[in-house]
Amino acid sequence: MATIEVDGTSYEVDGDRNLLDACLGLGLDLPYFCWHPTLGSVGSCRQCAVRVYANAEDTRGRLVMSCMTPVTDGQRLSIRDPESQAFRDKSIEVTMANHPHDCPVCEEGGECHLQDMTIMSRHTERRYRGLKKTYTNQYLGPCISHEMNRCIACYRCVRFYNDYAGGKDLAVLASKENVYFGRHEDGCLESGFSGNLVEVCPTGVFTDKTLSRSYNRKWDLQSAPSICSSCSLGCNISPGERQGRIKRIVNRYHHDINGYFICDRGRFGYDYTNADQRIQHCSIRQSADVTEEAPDYRDAINAIAVELAGAATGGNLIAIGSDRLSVEANFALQTLVDEDNFYSGMDPVQHQLLQSVLGIYRRPGIHAPTLREIESADAVLILGEDLVNSAPRMALSVRQATRNLSFELARKSQIPLWQDTSVRNLAQDRRSPLMILSVAGTDLDAIASLRLSAAADDIARLGFAVARCLSDRAPAVPNLSPDLESTAAGIADCLLRAKNPVIISGTSCNTPSVVESAAQVAMALSLAKSNGQIRPSWLSYVLPAANSLGLAMLQEGNDDNHLERAMQRVLANPGQCTALILQNDLYARAEPSRVDAFFGNLKSCIVLDQQPNRTTDRANILVPTQTDFETEGTLVNNEGRAQRYFEVFATDNPSLRDNWKTIANMAKAWVNPGTGQGLPESLLALARCENFDDLIALLKNRGGLFGHWDRAAPNAAFRIAGLKIPRMPHRYSGRTSLRANIRVAEAKQPEDRDSPLGFTMEGAPINIPGALTPGFWSPGWNSGESLNKFQDEINGHLKGGDPGLRLLQSPAATDMSAATSSDWFSVPAATPTAANGRLLAVSLPRLFDGEVLSALSPALAQRAELPQLEIHPETAAAVGLVEGHIATIRLESCQLKLPLRFNPRVASGLVAVPADVKTAGILPPVLLPAAVTIE
Amino acid sequence: MSQIGRAVYLTWDYTWSTLRTLWDVASHTFAKRDTVEYPDEMPYLAPRHRGRIVLTRDPEGNERCVACNLCAVACPTDCISLQKTEDETGRWYPEYFRINFSRCVYCGLCEEACPTYAIQLTPDFEMAEYNRQNMVYEKEHLLISGPGKYPDYSFYQVSGKAVSGRAKGEGLNEAKPVNVKSLLP
């Protein structure tokens with residue numbers, strides 16, 4: 001810590017920071033452009049000048065750039081002295097000399113850092129009369145617009161895109177005052193993190209094209225705290241809505257998870273909620289060809305209740321949950337039909353994988369790290385996971401982890417870590433070790449110290465071998481080649497030498513042994529590193545969906561209630577069972593012919609879903625569900641953090657109710673006709689749920705992992721100064737006009753009984769708890785940079801507390817040496833080499849079209865590569881396949897035809913099948929890995 | 001003063017006051033009128049009088065409004081709403097533009113906020129309706145064919161943005177686009 005004196009006031013600040021960082025962290029206003037909390041300082045914009053005095057007697061002082069000046073103890077400086085103010089005014093006048101006069105037609109206007117800083121620097125009048133410089137723009141794809149005229153050459157874009165995110169196709173071109181930030185030619189930005197340019201650019205050079213289609217200013221967008229449901233990481237987002245449509249998504253800072261950045265799937269994948277094809281009304285199918293469209297919501301619920309009551313008396317009621325929907329919706333469904341009749345909707349392998357992940361996370365010696373912790377790791381081992389495609393934000397964190405060596409070197413050379421260019425120059429290409437074992441190579445391979453492609457079981461065997469190298473007590477791996485033995489020893493050595501190694505694996509391989517091997521390495525590492533005291537090893541799993549772990553927790557210890565069991569039960573009692581399916585397209589979950597048989601043998605099928613798919617086509621009664629932007633709930637991310645998301649806007653469609661509410665209404669309708677006699681108490685309690693907090697109280701009563709469920713976010717009674725937290729910015733416009741064409745008398749604002757947020761602009765948006773912060777704004781700071789007013793220090797925690805509740809705390813340090821042989825996982829056999837034209841097909845996750853809902857966004861669909869089968873050239877030669885030809889894969893009744901592409905990074909003997917939504921409809925990824933015939 | 005004296009004084013006072021009032025009223029029959037015979041006789045309203053709001057066009061005849069939303073946010077009664085859209089050349093314009101005149105207080109802040117001189121207040125004030133719903137004006141009711149009070153201004157001349165008929169560098173006070181590939185000093 002150091003004491004500095006700013007304009008006569010003394011403050012305690014962190015001595016490792018620079019002056020700008022320290023001043024902003026104290027809540028002082030100081031303009032800047034090129035500095036960014038995670039990108040460090042380069043001192044190019046000259047906007048953050050302050051006057052620093054040499055000592056207490058010094059009255060003249062000198063101007064310095066605060067971002068390039070380290071904090072020293074006893075430093076005296078002035079932000080407000082006239083000369084430094086005049087310097088900043090002149091500096092921004094020059095910056096603005098060529099800036100175009102196009103704020104009215106700029107998407108950044110109203111949330112523009114350049115606007116804010118111009119006002120803050122008090123530059124009000126333009127004196128330059130010369131010609132303004134212009135630039136031609138480029139087409140940068142369906143997500144990002146480019147307007148080079150607005151550039152102020154702060155270099156933030158290339159520093160983020162290239163240095164931070166590892167992009168290759170954005171560069172600074174030309175020289176001197178002609179510098180141009182763009183691609184070498186028109187074309188889509190390739191990086192999966194390009195969307196962050198919208199927020200990183202302090203002005204409107206890079207703007208959100210999906211927002212621009214039907215643009216609204218930031219002050220007109222209604223927001224609520226939300227959680228991205230496009231992968232299992234649970235990044236915090238802030239969606240903006242106007243007139244019933246989600247217009248855009250921006251990052252919502254979470255210290256431990258997403259920090260300042262989210263991936264493009266999360267940012268641009270929201271359009272499914274605006275899709276015309278969405279199911280808007282209930283429908284009831286009386287017989288095969290008579291469908292009653294749009295019956296009243298009540299009628300549909302009553303019809304469902306009759307079905308449910310009928311089926312339940314015969315013990316023929318089953319329900320299938322969804323790993324994409326909230327814990328509450330799944331819990332309501334589970335309560336409705338009773339635990340024994342509730343099935344996860346996952347195939348057996350995946351179901352058991354998740355149960356074992358949950359079990360592993362709760363073992364002693366294991367700690368599920370946050371993304372922030374992964375960023376601080378100095379050695380990373382990835383087992384069988386292609387992070388860029390399966391958990392993109394984690395790939396970005398891993399990329400930062402590889403920089404820790406450069407930070408180490410910088411510390412030794414006494415270079416401050418925020419001196420970005422110096423640190424990078426010092427390290428050159430030296431990186432912390434990143435070891436990637438994958439089935440078909442990953443986009444992180446370029447920065448990996450070790451990359452190895454192998455079949456899933458072989459990856460697992462190598463993992464087990466590493467564990468064996470780390471601890472003698474782990475079982476040995478038989479028949480391992482000497483090459484792999486030495487590789488394993490190398491990895492083990494690397495992990496041992498690291499201070500904070502992290503092991504990352506996941507369910508993408510759909511192979512239990514991979515998940516187990518990662519746990520084995522982590523356990524062995526804990527043992528190897530313990531000297532009396534147990535140090536939990538960091539082990540992180542990437543999971544299939546946003547709430548996979550939450551659903552696993554609801555079924556904790558139940559290895560049996562998966563989709564296959566439900567199907568067996570239906571097929572054993574043909575024509576008897578009634579199934580209630582919650583937003584889950586079963587055709588992507590099991591072999592299609594088997595799903596057909598399942599539906600064919602049902603007595604009645606009730607489906608709750610938001611998008612039409614093959615499962616909704618089979619529904620007898622169909623009820624629309626709300627998207628995550630329209631309802632509230634809690635998702636449990638891959639580290640076991642329960643995070644609540646809130647309704648962004650209230651729909652006026654009477655058929656669209658909260659998903660949990662629809663299920664509670666079913667319970668109500670079921671209980672009402674009779675007296676409820678003979679029905680289980682849990683069902684009666686569900687029927688009594690009037691609002692979200694009632695349901696949370698029920699869930700809390702379950703105890704165990706759910707014992708503190710109400711702590712994930714404040715309940716609906718929470719108020720600040722007696723008022724709810726406003727979802728609308730205080731400048732929200734058009735309230736007496738937006739709907740005046742329909743009815744000139746203004747309607748009452750919708751009420752929200754389920755949360756402490758209101759559909760209003762009234763309220764005191766100060767001291768808001770982190771979990772309830774809809775977005776960031778502060779007087780004078782209209783852009784996202786206002787975040788610094790909400791943090792306890794720059795890049796620190798939110799003042800209102802980090803959102804969410806960690807459910808999985810590693811157990812108190814138990815003695816690992818007590819680990820018995822039954823605690824170790826057993827080693828799988830090696831993958832047999834391919835024979836007689838059969839190859840092992842594996843599934844490859846896809847960034848832009850791999851997730852069922854976000855893939856519906858036109859912008860992402862346009863960015864997705866064409867699905868192709870990938871194969872190693874030598875493997876192809878062995879089975880006589882030619883590149884570019886359409887190959888056919890047969891597995892059971894599935895037949896997939898895709899063009900073939902040679903990729904030397906695919907392990908030999910494998911054929912990699914893309915897991916994009918279309919392909920998954922033909923050949924569900926859960927069936928893989930499996931031996932297939934290919935021709 | 002005695003009781004009787006007081007009664008006489010009051011009687012006189014009231015009577016006089018009544019008679020004087022009658023005289024005053026009667027004398028107004030012959031005085032010059034302050035009011036005019038509206039609507040037979042129309043009053044003079046200065047050009048800057050703030051009445052009915054219009055949307056104007058630029059000298060080239062294109063809609064001036066670029067849907068920047070500044071009028072809407074400046075409006076103290078929140079009676080303006082609009083939605084941005086753009087044509088195929090990138091020119092912004094409002095998809096709809098709605099003013100709820102039953103809420104408008106004719107303060108003129110929208111006109112002050114407008115960066116393109118699109119929205120202007122006119123001296124017309126005769127907007128009464130029997131049905132309040134008829135006071136909701138849409139873009140087709142608001143848009144006039146001329147430039148209003150500012151005949152010359154054209155926003156896209158000075159914005160630096162490329163739109164139809166005006167590529168980069170062709171606006172007022174603009175240099176030709178930078179040649180990124182040139183190495184000349």
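Let's start with the sulfur of B:Cys104: its closest cysteine sulfur, in B:Cys79, is 4.6 Å away, too far for a bond. A disulfide here is a pair of cysteine sulfur atoms within 2.5 Å, and by that rule the count over all chains is zero. B:Cys104 is also buried, at a relative accessible area of 14%. Buried means under 20% relative accessible area, exposed means over 50%, and partly exposed is in between, with a 1.4 Å probe and protein chains only. Over in the other chain, A:Cys689 is buried too, with a relative accessible area of 1%.

Before I go on, a word on what we're looking at. This is a predicted model, where local features need pLDDT of at least 70, side-chain atom pairs count only at pLDDT 80 or more, and totals for chains, interfaces and linings use all residues. Residues are numbered from 1 along each chain as its sequence is written, chains are lettered from A and ligands numbered from 1 in the order in which they are written, and side-chain values use heavy atoms, leaving out hydrogens and water.

Now, how do the two chains meet? On chain B, 44 residues are in contact with 50 residues of chain A, contact being heavy atoms within 4.5 Å. Together the chains bury about 3600 Å², with 51% of that on carbon and sulfur atoms. Of the area that chain B buries against chain A, B:Asp78, B:Lys168 and B:Val178 supply 17%, more than any other three residues. Buried area is the accessible area, with a 1.4 Å probe, that two parts lose on being put together, summed over both.

B:Asp78 comes up again, please have a look at it: it forms a salt bridge with A:Arg735, where the closest N and O atoms are 2.8 Å apart. Between chain B and chain A the count is three salt bridges, each a side-chain nitrogen of Lys or Arg within 4 Å of a carboxyl oxygen of Asp or Glu.

Next stop, strand β27 of chain A, residues 621-624. Strands are DSSP runs (E, at least two residues), numbered from the N terminus. In a regular strand the side chains alternate between the two faces of the sheet. Here A:Ile621 and A:Val623 point one way, A:Leu622 and A:Pro624 the other, and all are buried.

Who are the neighbours of β27(A)? Strand β15 (residues 283-285) of chain A runs antiparallel to it, joined by two bridges, and A:Ile284 has A:Ile621 as its bridge partner. Strand β26 (residues 604-609) of chain A pairs with β27(A) in the parallel sense over four bridges, with A:Asp609 opposite A:Pro624. Pairing takes at least two DSSP bridges between two strands.
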